[in-house]
Amino acid sequence: MSDTAEKPKDIMFAQALNMAMNKAMADDPKVILLGEDIADKEGGGVFKVTAGLSGTFGTDRVRSTPISEQAIVGAAVGAALVGYKPVAEIMLMNFITVAMDQIVNHAAKLRFMSGGQTSVPLTIRTTTGAGTGLGGQHSDMLEAWLAHVPGLKVVAASNPQDAYGLLYSSIMDDNPVIFIENTPGYFVKGPAPTADHTVPLGKASIPREGTDITLIGYGSAISRCHAAADKLAEDGISCEIVDLRTIAPFDEETVLKSVAKTKAAVVVHEAVRSFGTGAEISSRIHEELFSELRAPVGRVGSGYAPVPFSPAIEKAWMFSQDDIEREVHKILG
Amino acid sequence: MASTDMADKAVLVDIFTRADLIMQSDIKFRQMIGAGQLQIVYYPVRGQEVVSSAMMAAVNQDDYLVTIYRGLHDQLAKGIPSKELWAEFAGKVTGTCKGKGGPMHITHPATGVMVTTGIVGSGIPIANGLGLASQLEKDGKVTVCCFGDGATNIGAFHEGLNMAQIWKLPVIFLCQNNLYGEHTHMRDTTGSASIKQRGEGLGLRSVQVNGNDASAMYAAAKEAVEYARAGNGPTLIEAMTFRFHGHLLGDTSHYIPKEEMEQAKKDDPMPILRQQLLDLQISEADIAAIEAKNAAIIDEASKFALESDYPSGDEYRIDVLDVEIAA
């Protein structure tokens with residue numbers, strides 16, 4: 001092996017996801033993919049995330065479907081009940097609304113309602129995210145809805161290595177997992193994972209250590225947290241970043257340990273701030289660490305409005321690096 | 001509707017045995033609920049016994065079933081042991097689902113009962129997934145998916161039947177058409193003249209049959225099962241039937257014209273099937289023995305349900321995920 005071969009090269013987020021599915025399908029013949037346009041004949045997915053997989057594994061296992069979200073998720077639920085590990089692609093997160101009955105009433109509950117006789121080891125991959133002018137029905141972050149449903153796991157990666165490890169773990173997990181991807185983030189590069197790279201579900205990471213305040217986020221929030229932390233460092237403020245990676249159930253232990261150390265926290269997400277996941281995380285911190293906190297936990301999220309189309313309004317509406325910095329200054333006085 | 005020859009004597013006895021168990025169970029449930037011995041919402045099945053008994057007589061125990069909240073007849077016909085079924089209806093720990101599903105969510109994989117859903121039409125997409133698994137496994141199983149006429153107005157029906165057809169899935173969509181979706185007659189909710197027509201519009205092999213005629217229903221079921229097992233794909237069976245005791249127990253059926261109900265009761269499939277057995281030289285004593293055996297099964301099952309323990313309250317933390325959740 002040459003030296004260059006051992007250096008991790010940078011790959012795009014979308015490639016990491018493709019590699020994870022490729023490995024899962026090679027490792028386990030029960031892994032199948034369902035979704036609109038996902039086979040190569042139809043282009044390997046609108047964002048090419050599944051490109052090449054139908055060529056390798058055949059169109060029996062990599063099936064392009066009609067535009068029928070209920071039927072896609074329902075078929076995945078049914079196959080999961082009898083031992084398959086389906087990965088259903090719901091192209092955009094807003095389209096999940098069409099399949100909510102299958103997700104909420106069936107995928108999430110069948111294990112419980114059957115008294116544990118059946119389980120639904122299903123993964124739903126879906127992408128979303130504002131900032132590219134897709135307007136009100138193609139960019140919503142709906143993770144709080146899903147995190148509120150007992151029986152579902154909700155996952156969002158912030159970099160290609162985690163995307164690879166988390167998607168593989170999601171597919172192999174014996175519970176239904178909603179795996180949220182970020183549309184603008186598909187083309188962001190980061191170090192490539194090694195083939196055996198794993199990331200367990202339910203475990204947060206600390207990509208940046210610090211002492212003054214903890215920034216807690218996931219998915220598209222993490223790059224903005226890093227940028228804000230760099231800027232705040234210039235003002236002598238040391239930020240620790242907790243990347244939740246799994247939103248539900250979230251790694252309370254890592255969050256509480258970090259905040260117990262820094263005594264201050266801001267929860268950051270792209271989703272609308274009101275009734276968002278930040279409220280739950282903030283509340284848990286207050287319940288456990290109230291007397292130790294220097295100030296109430298802050299929250300950064302997007303405005304209470306549908307995602308606007310015009311770039312001028314979208315920018316004003318959307319959470320930003322500036323919002324994080326402002327919130328940190330407010331908390332630390 | 002096609003007329004068919006009389007089914008084999010043994011087949012008719014099998015169908016009658018299942019149907020009588022269903023009829024007697026339904027009567028007993030209504031009695032016990034009325035007497036306050038069970039506090040449950042119950043969707044009576046009296047009148048629809050023969051449809052599911054004939055359907056399930058045409059499949060094997062390891063074939064899959066997906067059914068709905070009005071599902072007692074399908075579940076018993078498929079072979080779920082009465083004791084476990086009754087205990088689940090009563091919310092007891094000895095029930096099929098440890099009391100965590102209840103009457104609307106019966107699951108019993110040992111007899112192929114994979115899902116009972118309380119959401120109209122939702123079982124259809126899931127049945128496709130079971131069919132897809134069988135197609136990929138090449139295990140030769142079929143999936144029977146039961147629903148009512150009302151379910152054909154919901155999107156999942158159209159999405160699901162379309163997908164089953166394009167993928168040639170081994171699924172039998174059994175629409176038990178009792179003419180009423182909750183309180184509303186089909187003619188006021190359904191734009192097509194029949195459910196069969198809807199199946200044809202979606203490209204499926206579709207048949208309409210008198211579901212209350214055991215021989216005709218069995219023939220339609222058997223044909224659909226053979227068609228699916230041979231890899232030809234799904235069939236929609238529109239089985240015409242009727243329900244005698246309302247959408248749910250307590251509903252007086254005030255929205256059904258008196259004459260319509262009287263006619264339906266005259267066409268009650270149970271005495272007709274019983275008479276057919278007598279006509280085939282099966283003795284009154286033999287039929288009475290079947291009925292007595294079913295009565296004993298129900299007697300034992302209902303006692304078992306009443307006497308069993310409730311599950312522990314802590315049970316809510318188990319089976320949410322694959323690991324127990326924190327208190």
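**Entry 1: the model.** I noted that this is a predicted model, in which local features need pLDDT of at least 70, side-chain atom pairs count only at pLDDT 80 or more, and totals for chains, interfaces and linings use all residues. Residues are numbered from 1 along each chain as its sequence is written, while chains are lettered from A and ligands numbered from 1 in the order in which they are written.

Entry 2: Contact here requires C-beta atoms, placed from the backbone, to lie within 7 Å.

**Entry 3: helix geometry.** I read an angle of about 65° between H4(A) and helix H6 (residues 155-166) of chain B, with the axes 8 Å apart. H4(A) is therefore roughly perpendicular to H6(B), a term that applies from 65 to 115 degrees. Axes are lines fitted to C-alpha atoms over the stretch in contact, and angles run from 0 to 180 degrees between N-to-C directions.

**Entry 4: the side of chain A that touches chain B.** I found that the contact takes 33 residues from chain A and 32 residues from chain B. On the side of chain A, helices H4 (69-81), H5 (100-107) and H6 (110-113) are the elements that give two or more residues. H4(A) supplies the largest share, nine residues. I sorted this side into 13 nonpolar, 16 polar and four charged residues.

**Entry 5: chain A overall.** I listed 13 helices and 14 strands in chain A; these are DSSP runs, helices being H or I of at least four residues and strands E of at least two, numbered from the N terminus. The C-alpha atoms of chain A fill a box of roughly 60 × 55 × 40 Å along the principal axes.

**Entry 6: B:Leu202.** I located B:Leu202 in the loop between helix H7 (195-201) and strand S7 (205-210) of chain B. B:Leu202 counts as buried because it has 20 C-beta neighbours inside 10 Å; the cut-off for buried is 20 or more other C-beta atoms within 10 Å. Leaving aside neighbours within four places in sequence, B:Leu202 is in contact with B:His158, B:Leu161, B:Asn162 and B:Gln165.

Key: Two residues are in contact if their C-beta atoms, placed from the backbone, lie within 7 Å. Ala, Val, Leu, Ile, Met, Phe, Trp, Tyr, Cys and Pro count as nonpolar, Asp, Glu, Lys and Arg as charged, and the others, Gly among them, as polar. Angles under 35 degrees count as roughly parallel, over 145 as roughly antiparallel, 65 to 115 as roughly perpendicular and the rest as oblique. A residue is buried if 20 or more other C-beta atoms lie within 10 Å of its own, exposed if 12 or fewer, and partly exposed in between; C-beta atoms are placed from the backbone.
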